[in-house]
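Trainee: I would like to learn how to read the contacts in a model of protein and DNA. Can we take them one at a time?

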There are 2 protein chains.
Amino acid sequence: MSETNISVRVSETAHNYQGCLLIAQVLARIGDKWTVLVVGALSRGPVRYNQIQRTVEGISQRMLTLTLKRLEQDGIVKRTMFPTIPPRVEYELTDLGHELVVPLGALHAWALKYQPAIVDARARYAEKERENAKLAE
Amino acid sequence: MSETNISVRVSETAHNYQGCLLIAQVLARIGDKWTVLVVGALSRGPVRYNQIQRTVEGISQRMLTLTLKRLEQDGIVKRTMFPTIPPRVEYELTDLGHELVVPLGALHAWALKYQPAIVDARARYAEKERENAKLAE
DNA sequence: CTGAATCCACCAAGATACTG
DNA sequence: CAGTATCTTGGTGGATTCAG
């Protein structure tokens with residue numbers, strides 16, 4: 001069962017300043033360049049360090065390590081080390097982490113649905129700017 | 001009717017790399033320090049420039065202007081100028097912007113539900129670190 | 001009142017080299 | 001294989017000043 005339902009009464013969530021502050025805190029953690037990509041790489045099950053680095057194109061060792069450490073701190077990711085030679089470390093999402101994938105899915109749905117509208121809005125904005133530049137001559 | 005239902009089939013959204021890239025793009029726009037707070041300030045209806053600045057504590061003029069301009073570019077915010085003296089400018093969410101509040105609400109619900117778990121995870125992580133520091137002496 | 005313009009400090013993040 | 005250590009830099013955001 002990989003299906004989930006959310007019912008949100010909007011008027012009680014994002015419409016107060018405290019709630020927005022809370023969202024901002026979450027975004028400060030997961031809103032960086034790499035975190036969601038790493039979470040995505042882990043969303044199917046346990047993965048090894050190098051496997052993640054191959055999945056998330058362009059991430060450096062430093063950034064991968066830092067990102068994983070932060071996620072582990074917040075209890076979103078669980079780290080398991082096997083003291084073999086060579087060493088082997090597996091990362092996986094905790095329950096908390098899996099639950100995070102749900103709101104991320106909502107964000108994804110929004111992005112998917114409205115991306116054309118955004119592209120369009122940018123085009124119109126650029127057009128409007130060009131007109132203003134003309135008038136200013 | 002300020003109630004909304006989202007049905008997300010998780011397995012089809014965040015589990016592929018392309019989807020994660022799309023989420024990352026959105027987060028690159030709204031995941032900064034101020035954007036969600038500004039969106040929150042606008043979520044009740046049209047607001048004037050100075051009103052926003054009073055609502056969002058600590059934001060500088062520069063950041064408010066930049067944030068609003070980016071949101072306007074993406075079609076999330078609509079700017080209306082009244083050429084009076086002194087000038088008066090109102091900002092309001094577009095339909096696109098109001099729709100964005102929905103996934104933000106999902107994120108808020110997640111944060112609200114699991115914040116205790118996160119605090120707890122950090123405490124345990126810190127505890128574990130202290131033990132490791134002891135063993136290293 | 002609603003911005004624009006400029007300067008500056010800081011830190012996240014990249015590159016590189018090294019290690020258990 | 002799975003990291004750490006160090007150095008460097010680009011860009012974000014803050015403070016301040018000017019303007020329509």
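Trainee: Which parts of DNA strand D lie within 4 Å of the protein, sugar or phosphate, or bases?

Mentor: A residue is near a strand if one of its heavy atoms lies within 4 Å of it. Of the atoms of DNA strand D within 4 Å of the protein, 63% belong to sugar or phosphate, and the rest to bases. This is a predicted model, where local features need pLDDT of at least 70 and side-chain atom pairs pLDDT 80 or more, while totals for chains, interfaces and linings use all residues. Residues are numbered from 1 along each chain as its sequence is written, chains are lettered from A and ligands numbered from 1 in the order written, and side-chain values use heavy atoms, without hydrogens and water.

Trainee: Which residues come nearest to DNA strand D?

Mentor: Of the 20 residues around DNA strand D, the nearest are Q61(A), R79(A), Y91(A), K33(B) and R62(B). N50(A) instead places a backbone N or O atom 3.1 Å from a phosphate oxygen of DNA strand D.

Trainee: Which element gives the most to the surface near DNA strand D?

Mentor: Helices (H or I, at least four residues) and strands (E, at least two) are DSSP runs, numbered from the N terminus. α4(A) gives the most to that surface, with 4 residues. By class, the surface has 8 nonpolar, 3 polar and 9 charged residues. Here Ala, Val, Leu, Ile, Met, Phe, Trp, Tyr, Cys and Pro count as nonpolar, Asp, Glu, Lys and Arg as charged, and the others, Gly among them, as polar.

Trainee: How is the size of an interface given?

Mentor: It is often given as the accessible area lost when the parts come together. Buried area is that loss (1.4 Å probe), summed over both parts. Between chain B and chain A it is about 6,000 Å², and carbon and sulfur atoms give 67% of this. Y17(B), L107(B) and W110(B) supply 11% of the area that chain B buries against chain A, more than any other three residues.

Trainee: How many residues of each chain are in contact?

Mentor: Contact means heavy atoms within 4.5 Å. By that rule, 62 residues of chain B are in contact with 62 residues of chain A.

Trainee: How many salt bridges are there between chain B and chain A?

Mentor: A salt bridge is a side-chain nitrogen of Lys or Arg within 4 Å of a carboxyl oxygen of Asp or Glu. The count between chain B and chain A is 4. One of the salt bridges joins the side chains of K128(B) and E72(A) (3.3 Å, N to O).

Terms used. Buried area is the accessible area (1.4 Å probe) that two parts lose on being put together, summed over both. A polar contact is a pair of N or O atoms within 3.5 Å; within protein, one must be able to donate a hydrogen and the other to accept it, and residues adjacent in sequence count only if both atoms are side-chain atoms.
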